Each structure stands twice: as C-alpha cells, then as structure tokens.
Amino acid sequence: MSRAVSTRRASRAIARLLCVGALVAATLPVAAQDVLIRGATVHTAGAQGTLREADVLVRGGRIAAVGPGLSAAGVPVVEAGGRPLTPTLFGGVTGIGIEEVSGERGTRDDRLSLGSAEDMVVRPEFDVTLAFNPDSIVIPVARVEGIGFTLLSAGNANAIVGGQGAAMRLDGSIDPAGPKVLYLALGSTGAEQSGQSRAAQWMLLDQLIDEARGRLPADSHVASLTPAGKRALTRYLDGQGTIVVGVNRASDIRQLLRWSKRHGLRIAIRGGAEAWKLAPELAAAGVPVFVDPLVNLPSDFDQIGATLENAARLHAAGVRVGFAQASDASHNARKLRQLAGNAVAHGLPWEAGLAGLTRVPAETFGVDAAIGTIAVGRTADLVLWSGDPLDIAYTADQVWLGGRALEMRSRQTELRDRYLPQVTPASEGGLPRAYRHR
C-alpha cells in the first residue's frame, strides 16, 4: 500500500472518530443515581440465584437492598414488569478502549512489536492499560448491549509472553478495575515466537523463571528480561496476579497444569478447545476456562477435538466456565451472550451460562468484590432486558453503571436513526431524510 493511500485511510478514520466525540462524552451522566427497580426477575448470578417479582434498591451507586416489597421515599421507581434484571455482562478478552478501527494499525495499542521477526523480545512489563481510552467510540456500542466490563488483551509479535492487561469497567474510568493479568500464547499460536517448536516454549518459560529468580545472570548472552521485566514477571511468580494462557490442545493443557503446579502459579485458560478432555484435572487444579462455544470444527491441528459440548462437559466436571470469542472480539462483544446461549443449547445449565458472563470473569480477574453479582454492597452495574439475555431475540432496555442510567445511544444507533426514516417523496429526490439539505 502506498503512503498516500495509507494517509487517506488514516485521515478518514480520524474524521470518523472526531465526528462522534460529543456523543461519547454525553453518554454518562455526572452523578450516581438512586433508583428502585421494582417487580423484576432478578438473576443475581450469586448465592441468591433467581428471585421472581423482586426489587433492587440502589443508593449512591451501590445496591442497598434486594428482595420483594421494597420501598424508598423520594427514590425514582422503574417498573420492571417481570423483565429479567442481571449484572452487566463481561465483554470477553478484547481490545475495547485500545482498538478503535481493527483495520487501521495506528488505532490499535494491543500488540507489541520490537526487533526483527527473528528476535525474541520478551517484555512482560508491556502494559496495555496505559493506552486505555475511555472516550473510545467502541465503548458505547458495547454498553448499550448490556456490557459493563472487559479484560484488555495484550500480545507480542516476538515472544510467547504477550504483556499485561486488566479488567476495565466501561463507565468512563481510565484506571483498571482490578489487578493486572499476564498473557501467554502456547501451542501452535506461539510457535513462531519459539523456534517453531512447542517443546521450546517450556524451555524458554523455565529460562525466564530462572532469570527472574536470579539463577541466570543478567549479563548472560541468553538473558532476555529488562530490570522492569524481571520485576513484572516476579509479581506473577509470587502469586500476585493471574496468568491468562491462550492454549487449545489437550497435551499442551496437560503440560501447562504440570508447569503451573511446579512453580505455584495462578492461571486461567483462554480458548481450551480440547479442555473437556482434561476436565477433572482442571477442576482439581481450580483453573477456570474461557471457551468459545461456537468452536466445533478443527481450524488447526490444536483443535481436532473441538466440540459444541465443551462448556457443558467442563461445567459438569466442576470447572468454572467463562466465555471469550476466538476472533474480532472488540467490535463484536455483544455476540458473547449469543455464545453463552449456544453453550446452554448444548447442555450447559442456564444459570451457569449467565455466571460465565458475570460472576466467573469477575472472580477470575479480581473484581468480584464490586461487580459480577447482584448483592447488597456491590456496585450497581445492572441491565434490564426485554427478555432472556441469552437469547439474541431480546435486547437491553436499560443499563445502569454505578447507579447511573445510561442514555441508550451509540454511534450505531445514531447512524440507524439518521438513515432509517422513510424516504422523501420523489419530488424531493427520493432520498433519506438525512440527505434533504443536499
């Protein structure tokens, strides 16, 4: 592509972003609100399970009471009429807030690329949360679909250690909502960064641990870590954060369980197409798995055993199951509830499907004290649905973040409203109303 063409594409992308800046800024009211949501089917995603004809009282942005027959003088009332009320949903492992236009590299901050393709440049200190943009136009598109938080992804073109991300609430905050996580890419996904050998991945990981622990001199010709990288990696070796591992093949997952146990690491699996084969071992180790329930065909040799029943089989064995999309997750975060619905259609209990979109990711990524369930003291991140939230025939009627009722608008709804109105008479050119001034 020529420099001129690339410049024109970048200019158009920037223009599109600028034209909606005011819209994004207007989507969140300034102050937290008090509200009484009355007569809902409250899916708490927690210990109380599902409560029929129940009320949720919000004061100062937090849940003050949950149960039937609640009242509060002077508090605005929303009549739910039996509709489902849930915690806001997890958007998956995405680049929401760090990826604006997927086809425009200058608007993506989720991937590190240092050195030549032949070099392994390990930088665990790479932290994508520093690039998070709370004014991203992608955020309101996700919010109006009931999504309240996401886990920022990080990758490295030259190493199997991708860098760090964290859970982010989509409420306008710039800071992470929870502790950092570290990403690893194993199996065929990380083959190019490990000499085309998955065996080399374990050799390199053990070397990095030796280096972080001081067993490999910093001046060694094979040393890979900067001082900041050593400090970052050491935190995870000391159990101060979760390592999210992208891996699919059962044999790789087996080695991962052995490696993490040997070093006392806290891990979670993203992908896990063949994780069902090791369901008892994963349950015993307490390792959550974030699956894509639509993966049922072997797109590569790591996924020969892929099945639509993956989530159901894992849950039946006692594994905590969450959801993550395999591709283009940032701009299609709304589809994650469709994935959960597909898992339910293939044997996963409905309540477990909802938990995989709420409680499980909140617990895994260290934000469950604030969000992920409807319980007294939790932040009032809530969604009132027109029907079953795991059925794409229904939509979010209202979203609250920290007790603030969102204006249910995004760039997509603005474009819909602009071009949807009826076509003008032929005498006026037969164009949509938005074109009348031309």
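The following legends describe close-up views of a predicted model. Residues are numbered from 1 along each chain as its sequence is written, and side-chain values use heavy atoms, with hydrogens and water left out. Because the model is predicted, local features need pLDDT of at least 70 and side-chain atom pairs count only at pLDDT 80 or more, while totals for chains, interfaces and linings use all residues.

**View 1. Packing of helix α4 against helix α6.** Helix α4 spans residues 198-212 and helix α6 spans residues 250-263; helices (H or I, at least four residues) and strands (E, at least two) are DSSP runs, numbered from the N terminus. The two helices pack at an angle of about 15 degrees, and their axes lie 12 Å apart. α4 is therefore roughly parallel to α6, a term for angles under 35 degrees. Axes are lines fitted to C-alpha atoms, for helices over the stretch in contact, and angles run from 0 to 180 degrees between N-to-C directions. On the α4 side, R198, W202, L205, D206 and I209 meet D252, Q255, L256, W259, R262 and H263 of α6, where contact means heavy atoms within 4.5 Å. By class, five nonpolar, two polar and four charged residues form the contact of α4 with α6. Here Ala, Val, Leu, Ile, Met, Phe, Trp, Tyr, Cys and Pro count as nonpolar, Asp, Glu, Lys and Arg as charged, and the others, Gly among them, as polar.

**View 2. The nonpolar cores.** A nonpolar core is a set of buried Ala, Val, Leu, Ile, Met, Phe, Trp, Tyr and Cys residues joined through side-chain atoms within 4.5 Å. Buried means under 20% relative accessible area, exposed over 50%, and partly exposed in between (1.4 Å probe, protein chains only). The largest core has 89 residues, and L151, L256, L282, L314 and F323 have the most contacts inside it. Apart from neighbours within four places in sequence, L314 is in contact with A275, W276, A279, L282, V289, V291, V319 and V321. A second, separate core of 16 residues includes V35, V42, V66 and A80.

**View 3. Surroundings of D302.** D302 lies in the loop between β14 (289-291) and α8 (310-316). Its relative accessibility is 3%, so D302 counts as buried. Not counting residues up to four places away in sequence, D302 touches G187, S188, R198, N248, R249, D252 and E274.

View 4. A45, although not a glycine, has a positive phi of about 60 degrees. This residue is placed in the loop between β1 (35-43) and β2 (50-59), and A45 counts as buried at 6% relative accessibility. E53, in strand β2, is likewise a residue other than glycine with a positive phi, near 50 degrees. E53 is exposed, with a relative accessible area of 53%.

Terms used:
Angles under 35 degrees count as roughly parallel, over 145 as roughly antiparallel, 65 to 115 as roughly perpendicular and the rest as oblique.
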